[in-house]
Amino acid sequence: MSKAKGKLEVIEKYCKGCSICVEFCPTKVLAMDAFTVKVANPDACIACMQCELRCPDFAIKVEKIA
Amino acid sequence: MAKKVALMQGNEACAHGALYAGCNFFAGYPITPSTEVAEVLSNELPKVGGKFIQMEDEIGATAALIGAALTGAKALDATSGPGMSLKQELIGYACIAEVPCVIVNVQRGGPSTGMPTGPGQSDMQQAMWGTHGDHAAIAISPASCQEIYEETVRAFNLAEKYRMPVQLQLDEICAHMREPVTFPEPGELEVIDREAPTVSPEDYKPYDDSQGQIPPLASFGSGYRYHVTGLNKAADGFPTTKAELVDAEERRQIAKVMDNLDDILKNEEYQLEDAEVVLFAYGSTSRSARYAVNELRKEGIKAGLFRPITVWPFPDERVAELAEQAKAIVCPEMNLGQMVREVERVAKGACLVSHIGRVDGEPINPGQIIDRVKEVL
Amino acid sequence: MAYDYEKSIRPGKLPHIWCPGCGHGIIMKGLIRAMDSCELDLKNTAVVSGIGCASRLPGYLDACTLHTAHGRAAAFATGVKMAKPEMTVLVVGGDGDGTAIGGNHFIHACRRNIDITYIVMNNNIYGMTGGQFSPCTPTGAMASTTPYGNPDPTFDISKLAIGAGATFVARGTAFHATQIDKLIAEGIRHKGTAVIEILDDCPTTYGRRNKFRSVVDMMKRLKDIAVPVAAAAKMTPEQLEGKVLTGVLYKEERPEYTEQYAQVIAKAQGA
């Protein structure tokens, strides 16, 4: 099985900075930047969709790119 | 072909009037002395494909009523005293969300459980002010079984036309007495259905008053998707706290009634042309008042009867004229002074206003009224 | 592909009103996925709610949405469904709205087995009014009206629904996000009253009063206490201490209310 890759988009105006996505990302792609989340380590994304699924604020979209 | 005439109770006449108006949904909870309305409709509605549901309490009944009305149903609910108290919050909901529906209140003695089988007229101010917040109300008090039938039809018409709850304020006497009722032929009485929107679903706003004071109401499930809330809202139906929008919406909802009094008000005037003393009476009490007028006239006393059939909004203008004309207005009511407050308010001291109140579960008899008239003249 | 939630959401309504870390948004996403998987026509779908944080959900969905009075959602929904049985009727609301002020309507909707799907977002507190205890606040917990700890016993909403006669009852949590849509979808497809209890978190008014250091702590608690029904069958009572069963808890086939009433109509019409 080839490794999946993902491209993350954070919709900043929706993000309320709860940090759920940061905590539950298995590859530490995301980090808090003051009160919103930022994509700190984009290459690590494996498109597992956990952040998109768990974001309560409709603020994260993940596209599978590989 | 001879018309159908049947001997029936006021409550039964109400149920049959509702059917004539096209009522196809009833939600209620059993309570004396209103239950016959539910009993008749539980039997009759399914025959015409309508729905009857007995809910778990009176609040649930009004909730189901409003839910059904939003799908386009012509919906009726009937209750008495304590049940009416429970419904008040949702009557306010129907006012602010502008949902047409008819609620019958067969008034009994009270407060609280009071006298469930005794008559009363003590929910008259409640009909106007029972629910919290500023709002308009339409309430109707018929005085005979025939009139209950016909006024139930009119109650539905007003609800549909003005997009709001309408209350039928019966009393136990009118509701339980039996009289012959002549059933009108189809088409004989006007039946009004709510206006449907003409704009496309994409352009529909449930409270957009740009085309008139009463925005058309789309039925749920008819292709229109929109939001209904009990919060103050803007024309699009979504909540707002913008002062100017809240103010305009509240004022429009009152103006849609108060600007149309000619259409909404209805009363009967009997022997008023030269009357020196006016009896102001409604519902079953007006029957004693009419008898008193006849007896007083025999004795040469110029008495007349003003009988509001629409009790809310109050007929300010006509009562003010009568106060100018008469030496006294006598108000018999089966309460300790409710509609008399309105009479006093509009009479502004132009004549003497005298109240006859009775709350012992007995009707006000003509003798009581005759005695009072002689006292005040 | 990122999931296209916004096609079911009214334009311009996001961001929603819920606090940072509130699970209501996660449940709303699950609901949207469930509605998609059931291929619901939103023109013929009514989403009904009462009052409270959770009850603001319908306003975001591009359906026939009805935000009613506190506690009355199930009764309004009953009226909608009874008058127009061809509509899909969903109810969303919180634990206080549904089981305190709305408890009577809730149990009677279950008893009738009317075809509505009731999603209870159980965050154990009255959030919108600032954190007063609800019938689902754990005994001993702190709330703004239990300054000495909550003396009240709690409702188990799922058990209440089963006892009252609901014919499909399931429980999930805001942590177990992929399960939410599956449980709701199964509830929507079920003919009869379906109650889906989703255990939720309220970091703002419950968490901070009850020694949860963060939203993440609250999510981890949901992860820790949940035990799927199948797994629980193999566990000892000691192992199940403090745990909550998740998954489909109860299912039966029983005549649905509007179908029963259709038979009343047939009888009345002499069929």
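Student: At roughly what angle do the axes of H2(C) and H4(C) cross?
Tutor: In this predicted model, helix H2 (residues 73-83) of chain C and helix H4 (residues 103-112) of chain C have axes that come within 8 Å and cross at roughly 35°.
Student: And which residues meet there, H2(C) against H4(C)?
Tutor: From H2(C), Ala74(C), Ala75(C) and Thr78(C) meet His105(C), Phe106(C), Ala109(C) and Arg112(C) of H4(C). The residues of that contact divide into four nonpolar, two polar and one charged.
Student: What about H1(C) and H6(C), how do their axes cross?
Tutor: The axes of H1 (residues 24-37) and H6 (residues 177-189), both of chain C, come within 8 Å and cross at roughly 45°, which means that H1(C) is oblique to H6(C).
Student: Is that crossing of H1(C) and H6(C) left-handed or right-handed?
Tutor: The crossing of H1(C) and H6(C) is right-handed, and the residues of their contact divide into eight nonpolar, three polar and three charged. Among those that meet are Ile26(C), Leu31(C) and Ala34(C) in H1(C), and Ile180(C), Ile184(C) and Arg189(C) in H6(C).
Student: Switching topic, how many disulfides are there over all chains?
Tutor: A search of the whole structure finds zero. Cys174(B), for instance, is in no disulfide, and the nearest cysteine sulfur, in Cys145(B), is 7.3 Å away.
Student: Is Cys174(B) buried or exposed?
Tutor: Cys174(B) is buried, its relative accessible area being 0%.

How values were computed: Residues numbered from 1 in each chain as written. Chains lettered and ligands numbered in written order. Predicted model: local features only at pLDDT ≥ 70, side-chain atom pairs only at ≥ 80, totals over all residues. Heavy atoms only, no water. Axes fitted to C-alpha atoms, helices over the stretch in contact; angles between N-to-C directions. Helix = DSSP H or I, 4+ residues; strand = E, 2+ residues; numbered from the N terminus. Parallel < 35°, antiparallel > 145°, perpendicular 65-115°, else oblique. Left-handed = near helix turned anticlockwise from the far one by under 90°. Contact = heavy atoms within 4.5 Å. Nonpolar A, V, L, I, M, F, W, Y, C, P; charged D, E, K, R; others polar. Disulfide = S-S within 2.5 Å. Buried < 20%, exposed > 50% of the residue type's maximum accessible area, 1.4 Å probe, protein only.
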